[in-house]
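Colleague: Could you walk me through this model? I'd like to start from the terms and then look at a few residues.

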Amino acid sequence: MALSHTDGEDASHDHLQPLVQSTVRATHSLFSGTSVPTTQTDAILSSQRQKISAKYRAEYLSSRVLPRSMQQPTETNPLLLSAPRQTKLLTQNGHSQATVYPLTNVEDEVQKVLDGLAGKQQRAQAKKHKTPTRELVRMAAEANRDDSAPAGQQIVRKRTYEPVRPEWHAPWKLMRVISGHIGWVRALAVEPGNRWFASGSVDRTIKIWDLASGTLRLTLTGHVSPVRGLAVSSRHPYLFSAGEDKQVKCWDLETNKVVRQYHGHLSGVYALALHPTLDVLVTAGRDSVARVWDIRTKQQVHVLAGHRGTIASVVCQDADPQVITGSMDSTVRLWDLAAGKSMATLTHHKKAVRALALHPSDFGFASASSDSIRQWKCPRGDFVQSFDGHSSIVNTMCANNDGVVFSGGDDGTMRFWDWRSAHCFQKAETIVQPGSLDSEAGIFCSTFDRTGFRLITGEADKSIKIWKEDEEATEESHPVDFRPSLGRRRY
């Protein structure tokens, strides 16, 4: 009897269930204000859709239809192909009665508007309920502990600065002193076969020396002013020279005579460089321009103008930038040889840039001025690092395949650097000839031979010095004195 009584009570309360549910919904909407019943939401969305659809048809739909004169699509204006079509209802007398627009486009546009409104409402709700910063940090820490978390959700701690440890290089020592010039030695060039080298001097002569023995083999005369630039071609038996007499000469090494002259400079020529793969010669000097010459026709191909001061150094390579110039206006310019225009201008130096050095294997170069020596990365000229420690006027620089960079100063100071770390592993001073003044301890030009094991310098005491690595030095006898500082950084 008790069980049947319970079933009877449940049956008598069934008609009250809808009333209870409606009361709960009304109470919830009255006091919470955050949730809306499903039926009411559908009603709101339907009313919004009808309102937006009517407004879109009344105000915006007609503007999408082009004028009658522009109805036909053309090739010059393909946008007309996507214009919405319209259909006109004609009366009996042939006049248009109404315009009927397709419903599909209207419904799509209305749906886009509704989606945009929904997105705005979600963003507004997210702004109201911001997650505290402490909670964000905790969530990020948990994401970091989880190795499977995406990279975008992890907070990566900044890596501490780790300086590049330099490679060990043997110290360099003086091997031979060559005398013969009666003036400052201002230019040097090594023959591609590494058998001899040429030197140009203020005494207006060019001398050819045997590299192995250091004996004089030949003297060339023809310039009437100091010789400032030399280059030996690897593709032809030619030697090119430039001087302060505004002349650029091409010497035939088989006859030892001048076979071509390149006229065009308005003042002294201070620098000269040969292109490694093209029959092109680049010269620069006091007229603040670099001139590109065709070796065979003697024609001037380009005039690379842009510097505002004397160009003191120029180098060439077979990849862009094919020509790099350093000027007394404290800038370095990278040139596009094909277009004859400047690709980039490096303005990091504060004083005159007197020396440039290309690395034989690394795609980069270094520039030197009295304030600093800087390393750059090709092809855009991105700054890499600074070589700090040579506080003098740097006249010359050169680099070899072992990563040794040499810089020679106007006061006779010599610095040997590691290319990767910019660490100065040796500081030295040149040794002047007996009877010379202390003021003649200047280094004007330098170059490595083709092997990179010999360094040749031309100096103010009218001598040529050849340096080599110390064969007896070891890492134990000459350890690397590496003391990194937080102020230096490789970029």
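Modeller: Happy to! Buried means under 20% relative accessible area, exposed over 50%, and partly exposed in between (1.4 Å probe, protein chains only). This is a predicted model, where local features need pLDDT of at least 70, side-chain atom pairs count only at pLDDT 80 or more, and totals for chains, interfaces and linings use all residues. Residues are numbered from 1 along each chain as its sequence is written, and side-chain values use heavy atoms, with hydrogens and water left out.

Colleague: Is V24 buried or exposed?

Modeller: V24 sits in helix 2, residues 17-31 (helices are DSSP runs of H or I, at least four residues, and strands are runs of E, at least two, numbered from the N terminus). Its relative accessible area is 52%. Because that value is over 50%, V24 is exposed.

Colleague: And T283, buried or exposed?

Modeller: T283 lies in strand 13, residues 280-285. Its relative accessible area is 0%. Since that is under 20%, T283 is buried.

Colleague: Which side chains make polar contacts with the side chain of T283?

Modeller: A polar contact is a pair of N or O atoms within 3.5 Å; within protein, one must be able to donate a hydrogen and the other to accept it, and residues adjacent in sequence count only if both atoms are side-chain atoms. Another, at 2.6 Å, links T283 to H265.

Colleague: How many helices and strands are there in the protein?

Modeller: Buried residues make up 41% of its 491 residues. As for the elements, the protein has 5 helices and 30 strands.
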